[in-house]
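Student: I have a structure open and would like to learn to read it. Can we take it feature by feature?

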Amino acid sequence: MTAGQQSTADAAAPVAPPALQDEYGQLDCSGETWVCPELRLESGVIMRQVQVKYNTYGELNKARDNAVLVFHALTGNSNLASWWGGMLGAGRPLDPTRHFVVCANCLGSCYGTTGPSSPDPQNSGAPYGSRFPRITIRDTVTLTMTLLQRGLGVCGLAAAVGGSMGAMQVLEAALSPIVSLRPRALVVICAGGRHSPWQVGFSEVQRQAITSDPKWRGGDYPDSDPPAQGLSLARQIAMLTYRSHASVVARFTLDESGAEGGEVSPRRRDHEDPGVIGYLHAQGKKLLERRFDARTYMCLINLLDTHDISRGRGAYLDVLRSITQPALVVSVRSDVLYPPSEQVELATNMPRATLLTLDSPEGHDGFFLSQDELGAAIVKFLATALAPSPQPLVLLPPPLSKESAWGHG
């Protein structure tokens, strides 16, 4: 990528910052289910009767090659309309009038795809619990590709799109051993090509938050008595990494009247004063209300830490250079979890990548909260990347005259 390929979407900071949201609205977990008879994991373990929850929007064309695959982030699900609805619809990046849009819940989740809380068919239907195998980003992409090929009859992928954990899956899909299903275009949002020690460190403190809860019981707790306090704390830690210093300070600084969002010197809060403390507690509570499973959370943060597209494929930069599809690599300037330097590395080494930097103050979650800017950029990128290749111009010789054809008579 050359310096001229980088573009910046500027967004002025609001004068009065709104209340901080989380990265999802009200999740709807409805969808269809497909069962994969057998799934061989990267570790060699074979899982049987693996359920996959998925949603589709639009229809396959006659060639069955107009699918667009969307990968969700850590605590998301397959019902794309319930958490990224602003990106879905006619004329939007995920356009069901032109493409067959597919979103599948990842392996290990608790939103309909087989995970640690699911019945283990090889253990009399008891929940997997601590016996759920260690899985990788590559494993969940393998399951999704199997769904596309065997469950939905997809013959070709127009594009793959994803942010955060979803972006890691996009990169794996680009290198899929099912060559016919490698996406023709990639949208990689706010992730790198491998999980760095920085990100592993954040994963570890969340793991410790859960395992330090006495109710964790090694992961074999009854559903009626889960380690709710540990899971809530892990979520609160994560929510801080999804934000930035600027967004938290702007929202929760008190002015002299005690109002939030002030521009006057901040005052100290009492521990009981809601502010950022109340916000974090509310986010922890919200995940519990969504009935998210602590074993799933542990499974998925472990899954994040396996992310390395070069594992078993060669030198890291060489693997990046082997990703030759047109790619839009998106960065958020204020992202502290997956800093912009990681997206610059991707875009610099992927031969046909363009880097877009969103100038959002919201941190990692800026890509969820800047849907208008991001959506416009994706529409423009896909229109170019998926445009039909012009047919080569064939110059025919001029028609022969009778004399030139038959000679002098």
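**Reading strands, helices and loops**

Tutor: Start with strand β8. Ala327, Val329 and Ser331 point one way from β8, while Leu328, Val330 and Val332 point the other way, and all are buried. Keep in mind that this is a predicted model.

Student: What is the general idea behind the two sets of side chains?

Tutor: In a regular strand, side chains alternate between the two faces of the sheet. In β8 (residues 327-332), six of the six residues are buried, so the strand is largely enclosed by the rest of the structure.

Student: Which strands pair with β8, and how do they run?

Tutor: β7 and β8 run parallel and are joined by four bridges.

Student: Now helices. How many residues of helix α3 are buried?

Tutor: First the general idea. An α-helix has 3.6 residues a turn, so residues three or four places apart point the same way. Now the case. In α3 (residues 165-174), 10 of the 10 residues are buried, so this helix is largely enclosed by the rest of the structure. The buried residues include Gln169 and Glu172, along with Met165, Met168 and Leu171.

Student: What covers the buried residues of α3?

Tutor: The cover includes three strands: β4 (67-71), β6 (157-163) and β7 (186-189). It also includes the helices α2 (137-151), α8 (294-305) and α10 (340-349).

Student: How do I describe two helices that pack together?

Tutor: Two packed helices are described by the angle between their axes and the distance between the axes. Take α5 and helix α7 (residues 275-289): their axes come within 8 Å and cross at roughly 125°. That makes α5 oblique to α7. The crossing of the two is right-handed.

Student: Which residues of α5 and α7 meet?

Tutor: From α5, they are Ala228, Leu231, Ser232, Arg235, Gln236, Met239 and Leu240. From α7, they include Tyr279, Leu280, Gln283, Lys285 and Leu288. By class, the contact of α5 with α7 has eight nonpolar, five polar and two charged residues.

Student: On to loops. What should I look for in the backbone angles?

Tutor: Most residues other than glycine have a negative phi. Ser164 is not a glycine, yet its phi is positive, about 60°. Ser164 lies in the loop between β6 and α3. Arg217 also has a positive phi, near 55°. Arg217 lies in the loop between α4 (197-211) and α5.

Student: What is Ser244 in contact with, beyond its neighbours within four places in sequence?

Tutor: Those contacts are Ser334, Pro361, Glu362 and Gly363. Check His364 too. His364 and Ser244 are 120 residues apart in sequence, but 7.7 Å apart in space, C-alpha to C-alpha.

Terms used
Residues numbered from 1 in each chain as written. Predicted model: local features only at pLDDT ≥ 70, side-chain atom pairs only at ≥ 80, totals over all residues. Heavy atoms only, no water. Contact = heavy atoms within 4.5 Å. Buried < 20%, exposed > 50% of the residue type's maximum accessible area, 1.4 Å probe, protein only. Axes fitted to C-alpha atoms, helices over the stretch in contact; angles between N-to-C directions. Parallel < 35°, antiparallel > 145°, perpendicular 65-115°, else oblique. Left-handed = near helix turned anticlockwise from the far one by under 90°. Nonpolar A, V, L, I, M, F, W, Y, C, P; charged D, E, K, R; others polar. Pairing = 2+ DSSP bridges.
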